[in-house]
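Please look over the sequence and the structure shown here before reading on.

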There are 2 protein chains.
Amino acid sequence: MSVAFSMRETGSSEDDLQAVESMGRAARAAADVLATATTDTKNRALAAMAGALRDGRDRILEVNAEDLHRAATARRPAAFLDRLKLTAGRIEAVAQGLEAIAELPDPVGAVIADWKRPNGLRIARVRVPLGVIGIIYESRPNVTADAGALCLKAGNAAILRCGSDSLETSLEIVTCLHAGLAAAGLPEAAIQLVPTADRAAVGMMLKGLGGTIDVIVPRGGRSLVERVQNEARVPVFGHLEGICHVYVHEAADPEMARAVTVNAKMRRTGICGAAETLLIDRSILDSHGAAIIDALIAEGCEVRGDDAVRGVDRRVLPASDTDWGTEFLDAVIAVRAVGGVEEAMEHIARYGSQHTEAIITDDEAVAARFLREVDSAIVLHNASTQFADGGEFGMGAEIGIATGRLHARGPVGLEQLTTFKYVVRGSGQTRP
Amino acid sequence: MSVAFSMRETGSSEDDLQAVESMGRAARAAADVLATATTDTKNRALAAMAGALRDGRDRILEVNAEDLHRAATARRPAAFLDRLKLTAGRIEAVAQGLEAIAELPDPVGAVIADWKRPNGLRIARVRVPLGVIGIIYESRPNVTADAGALCLKAGNAAILRCGSDSLETSLEIVTCLHAGLAAAGLPEAAIQLVPTADRAAVGMMLKGLGGTIDVIVPRGGRSLVERVQNEARVPVFGHLEGICHVYVHEAADPEMARAVTVNAKMRRTGICGAAETLLIDRSILDSHGAAIIDALIAEGCEVRGDDAVRGVDRRVLPASDTDWGTEFLDAVIAVRAVGGVEEAMEHIARYGSQHTEAIITDDEAVAARFLREVDSAIVLHNASTQFADGGEFGMGAEIGIATGRLHARGPVGLEQLTTFKYVVRGSGQTRP
């Protein structure tokens with residue numbers, strides 16, 4: 001572990017890891033308080049957090065400049081440094097994000113369903129918080145506030161583990177969050193930040209901190225993904241990869257196919273809903289395909305194709321076998337010609353990550369089949385994969401996109417951070 | 001492993017375990033077929049299964065008699081042998097159970113929610129099957145048919161692992177289920193039974209059979225519970241224990257308190273929704289408490305109480321510390337006097353298993369607090385804990401009760417055996 005990764009000077013790593021172990025118990029106790037906190041109390045905390053962030057702006061920027069300096073010295077790439085960097089404007093945006101979460105409806109206590117039984121029992125399915133949520137993320141300080149606030153609004157305690165390069169900035173932000181919690185009379189342990197850059201802490205969280213963590217939300221790169229796959233002993237809401245496909249069927253409108261594909265790939269290439277592979281019916285390679293490829297290249301996208309695709313545009317580079325199933329997260333796309341919807345769906349089943357796939361076609365029957373049979377969290381007809389986003393779905397805010405099958409699938413917003421219980425009201429009923 | 005546990009004479013245990021490993025891949029392939037099977041196809045399979053069970057009745061009874069003989073020789077207790085035993089009547093009941101599942105609405109394809117976005121995108125949350133479900137259960141041959149059928153109706157492939165004493169009977173039943181699947185053109189791998197009594201197979205299932213099992217449903221005693229806790233690497237729908245509480249508040253109607261408590265404990269003592277502990281306000285021990293204890297003892301229940309409780313009836317035995325938090329599953333109840341709802345909820349939080357708890361009171365405010373603050377899958381006001389049952393909830397049939405917090409909580413019926421995906425329909429929308 002290089003010195004750039006561990007900047008705290010107080011205490012040994014072993015002390016820090018013992019502190020992590022005790023965070024689980026503190027979080028569980030805080031979760032019990034949060035579970036019955038009123039909407040008003042939670043919203044007051046969020047508003048006070050926003051205020052504290054604004055008041056603490058200068059100190060945050062100062063500490064962030066130090067984090068940035070160390071990260072630059074450690075030769076982090078420019079995109080990494082940009083995500084780590086805060087400005088006055090970005091801090092204001094974070095504060096406004098907290099205020100926006102306060103405005104969202106409180107999911108806790110909402111009645112999802114209710115019905116009456118012939119014996120007079122009234123049964124209601126009522127939303128309750130999940131409990132303790134562990135979030136492991138990269139060096140993006142804004143996530144510290146966003147994720148903590150979303151967990152709080154849904155009545156959950158959060159244990160946050162930020163990327164090590166952003167530790168000092170995140171600690172400063174958490175100080176502001178704690179001020180907000182205190183102002184509303186809520187326990188500080190409702191939002192805790194792992195105070196060490198020691199990667200052993202991630203392993204401890206993935207094992208559940210002695211049964212105290214109910215779910216882990218990972219947000220990060222390949223090395224984290226592999227650790228989660230190998231080590232997680234608690235449920236995970238998250239996606240390992242977003243290998244999203246656009247399939248242009250032979251009955252697609254050419255102009256729509258071009259616009260949607262370019263948007264799906266190029267609007268933002270670094271998000272998980274960005275298209276990574278284009279599948280296109282062989283029969284329309286010359287008509288639709290050439291125009292789509294031309295538009296992608298005009299936008300600065302590198303196009304890698306199979307032989308058929310290379311035949312329509314000599315600027316297309318040869319695709320290798322590993323290009324199918326690669327999450328480029330960059331201005332690169334793999335393009336393959338297919339013999340129809342069946343072959344497209346087979347390709348998606350084989351190489352996809354069950355995240356988001358789109359079909360472009362004017363044939364309603366083919367679209368219905370694709371939407372029904374493709375086993376992904378989100379399937380779209382005639383729309384860009386970049387809509388794979390909680391905000392775009394109308395959920396207000398999201399903590400990530402889940403590709404697992406249980407509990408949360410697709411955007412993970414406030415409702416997905418809750419569970420439910422059955423509340424049964426009777427008048428002395430006994431079971432015969 | 002005693003000879004009574006492994007009766008199959010073909011192949012070594014190692015061969016059998018290799019067969020188990022390959023069941024995961026076969027189940028996954030079958031799940032792909034089931035995911036798009038029509039309701040009609042699934043219902044035809046269920047009807048044909050019922051017919052095959054009736055046709056195979058004599059053969060099933062013959063094999064069951066052999067299983068019973070071996071279990072009796074191995075000195076299994078009478079209640080165990082009763083659960084293992086099939087009769088013509090019980091086989092008919094199993095067949096009718098399959099027909100009842102065919103009558104239930106198909107959860108797959110149901111639209112849970114749909115909405116339209118300002119940009120014109122129509123978003124629907126649509127139920128889809130979970131995938132591959134592993135079920136580990138005791139020597140109750142009827143579960144083989146019930147569990148397999150419920151999984152099938154929800155579009156899932158099932159890998160069943162029955163108690164070893166019922167293996168030959170269950171294999172015979174699965175032969176009938178396969179005949180039903182074949183009659184409807186569905187793959188036999190939709191319902192597979194682990195063909196070995198080797199307990200290593202349970203460990204393999206708990207590890208997920210190479211990522212092919214999506215969820216495990218355990219139904220069994222303490223030894224299975226401990227294995228699940230220690231070894232499960234896939235999500236689990238189930239309860240470890242059902243330590244259910246009845247709390248009689250001082251504002252309870254005395255007659256209702258008596259009737260509900262006796263029903264909660266004594267209607268059937270062996271089910272997970274049976275009450276194990278009675279908490280009663282100290283102020284009404286003499287008025288309500290004495291009558292409840294008298295009624296329990298009159299019904300043949302052993303009552304173990306703290307000193308205060310023993311003061312009102314000299315037949316009450318002293319409760320030990322381990323009685324709180326014990327799932328007796330028998331005509332035994334632990335009774336404790338408490339100082340009010342707060343102390344009752346503290347006791348439940350400390351000793352309960354988050355399964356089912358009831359409050360008896362005419363005070364609506366106290367009831368509301370109990371229903372809101374007690375963190376159990378099912379909370380009841382003025383009704384018996386024995387209503388903790390999918391059938392009683394109106395779900396038609398259940399595979400068990402879940403006390404975990406994620407995905408399924410409370411009765412696990414057809415809907416809980418599904419997940420969902422987002423289906424988005426557009427007209428060429430791109431994201432700005």
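Of the 432 residues of chain A, 53% count as buried, a residue being buried if 20 or more other C-beta atoms lie within 10 Å of its own, exposed if 12 or fewer and partly exposed in between, with C-beta atoms placed from the backbone. This is a predicted model, in which local features need pLDDT of at least 70 and side-chain atom pairs count only at pLDDT 80 or more, while totals for chains, interfaces and linings use all residues. Residues are numbered from 1 along each chain as its sequence is written, and chains are lettered from A and ligands numbered from 1 in the order in which they are written.

**Chain A as a whole**

- Chain A holds 14 helices and 16 strands, which are DSSP runs numbered from the N terminus (helices H or I with at least four residues, strands E with at least two).
- The radius of gyration of chain A, at 24 Å, is close to the 22 Å that the globule rule gives for 432 residues, so the chain is as compact as a globular protein of that length; the radius is taken over C-alpha atoms, and the rule is 2.2 Å times the number of residues to the power 0.38.
- The domain assignment, which is automatic or from a database, gives domain 1 (15-231) and domain 2 (244-392) in chain A, and their C-alpha centres lie 35 Å apart.

**Where chains A and B meet**

- The contact takes 52 residues from chain A and 52 residues from chain B, two residues being in contact if their C-beta atoms, placed from the backbone, lie within 7 Å.
- On the side of chain B that touches chain A, E16(B) gives the most, with eleven residues.
- Strand E16 (residues 418-429) of chain A runs parallel to E13(B) and is joined to it by five bridges, where strands pair if DSSP finds at least two bridges between them; Val424(A) has Leu380(B) as its bridge partner in E13(B).

**Helix H11 of chain B**

- In helix H11 (residues 285-298) of chain B, the buried residues are Leu285(B), His288(B), Gly289(B), Ile292(B), Ile293(B) and Leu296(B).
- These residues cover an arc of only 120° around the axis, which puts them on the same side of H11(B); the arc is that of the directions from the helix axis to the C-beta atoms.
- On the other side of H11(B), Asp286(B) and Ala298(B) are exposed.
- Just after H11(B), Gly300(B) takes a positive phi of about 95°.
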